[in-house]
Amino acid sequence: MPRPAVEKTSAFLNIPYDKQFENLYLAYIAGLTAFGLVPRATLEIPGGSRRLDRIFELIQTCGFSFHDLSRVQRDRSTPKTPRFNMPFELGLAVAWSKSGGRNDQVWFVLEAVDRRILKSLSDLNGTDVYVHGSQVKGVLRALSNALVRNVNQPTLQQMMSLYRKLRRAVPSILNNRGASSTFEARVFKDLVQLAASLSKDVSEP
Amino acid sequence: MTAAITTPFPTLEEVADRIGLSRKRAKQLAALASELTGKQVTIYTDAKKGAKRSRQSALKKVAFKKK
């Protein structure tokens, strides 16, 4: 299989796509862009028969991946099921990083509850898991613990400020796109681009 | 585990190209960012101009480091 070129500043974002997670979703976008990364997500990929191939391609092109395994509950809609997409995509990322010497691709696991992952996914025993406690600040703090920049390391305050501005812009973006959810492809792209524009405050003080 | 990021911040033009967003929309979002921050955020709608600016910026940074 030909290997797609890796974009070192792209970060694959593997999170639940639901309203209850929206604040943390915005926190991930704000935090990652503050570190100079470009969030990418399966939201960008249209449905269809080649969806799995395209998800795997996207994972392959990203220098980093962040996997939030905090949604272990069953959803509310019938039939009530847990979501397996997140652990599945983590598996794809880990397999890719371990195959053929592609260990330059870095993956991180995040959870809301400390040590819960030892029960939900015990195969990860011995892996550092970053706990965010389902809090915006927790996500930003977890990203600060996982990442370091030699130049222009963002502070927690800068990331919170970026997050708040992004949050404030959501109604305008939804209105412009005629969308009802932030988890739509066009809205996601707008949020990433806006966060990158806002992060100029961090990268060019 | 902590990962070090050594690559520079991507330019706004690079971000737009990577996620498949039009330059026109990227410019609108830069204007929105300017409103939110009170600071001017610019983006080049001409791809060549943006690339040139990016190269010049990189060269300036190298020149500055050499001093």
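This is a predicted model: local features need pLDDT of at least 70, side-chain atom pairs count only at pLDDT 80 or more; totals for chains, interfaces and linings use all residues.

Modeller: Of the 67 residues in chain B, 27% count as buried. The two chains touch, with 25 residues of chain B in contact with 31 residues of chain A. On the side of chain B that touches chain A, at least two residues each are supplied by β1 (3-5), α1 (12-19) and α2 (23-37) of chain B, and the largest share, seven residues, comes from α2(B).

What are its partner strands? One of them is β3(A), residues 62-68, which runs parallel to β1(A) and is joined to it by five bridges; within this pair, A:Asn14 stands opposite A:His67. Another is β2(A), residues 38-40, which is also parallel to β1(A) and is joined to it by three bridges, and here A:Phe12 stands opposite A:Arg40. To get from β1(A) to β2(A), the chain passes through helix α1(A), residues 22-34, and the β-α-β crossover made in this way is right-handed.

Stepping back to the sheet as a whole, we find five strands of chain A in the order β2-β1-β3-β4-β5, forming an open sheet with parallel pairing. At its edges stand β2(A) and β5(A), residues 129-131, each with a single partner strand, so one side of each has no neighbour in the sheet. Neighbouring strands of this sheet are turned against each other by 30° on average, if direction is ignored. Helix α1(A) packs on the sheet, where it touches β1, β2 and β3 of chain A, and its direction makes about 140° with that of β2(A).

The same helix α1(A) also meets helices. How is it placed against α5(A), residues 136-146? The two axes come within 9 Å and cross at roughly 30°, and because angles under 35 degrees count as roughly parallel, α1(A) and α5(A) are described as roughly parallel to each other. Their crossing is right-handed. The residues of α1(A) that meet α5(A) include A:Asn23, A:Leu24 and A:Tyr28, while those on the α5(A) side include A:Val136, A:Val139 and A:Leu143.

With α6(A), residues 156-177, the packing angle is about 130° and the axes are 9 Å apart, which makes α1(A) oblique to α6(A). This crossing, too, is right-handed. Among the residues of α1(A) that take part are A:Leu26, A:Ile29 and A:Ala34, and among those they meet in α6(A) are A:Met159, A:Leu162 and A:Tyr163. A:Ala27 and A:Gly31 of α1(A) belong both to the group that meets α5(A) and to the group that meets α6(A).

How values were computed. Residues are numbered from 1 along each chain as its sequence is written. Chains are lettered from A and ligands numbered from 1 in the order in which they are written. Two strands pair if DSSP finds at least two bridges between them. Helices (H or I, at least four residues) and strands (E, at least two) are DSSP runs, numbered from the N terminus. A crossover is right-handed if, with the strands pointing away from the viewer, the path from the first strand over the helix to the second runs clockwise. Axes are lines fitted to C-alpha atoms, for helices over the stretch in contact, and angles run from 0 to 180 degrees between N-to-C directions. Angles under 35 degrees count as roughly parallel, over 145 as roughly antiparallel, 65 to 115 as roughly perpendicular and the rest as oblique. A crossing is left-handed if the near helix is turned anticlockwise from the far one by less than a right angle, and right-handed if clockwise. Two residues are in contact if their C-beta atoms, placed from the backbone, lie within 7 Å. A residue is buried if 20 or more other C-beta atoms lie within 10 Å of its own, exposed if 12 or fewer, and partly exposed in between; C-beta atoms are placed from the backbone.
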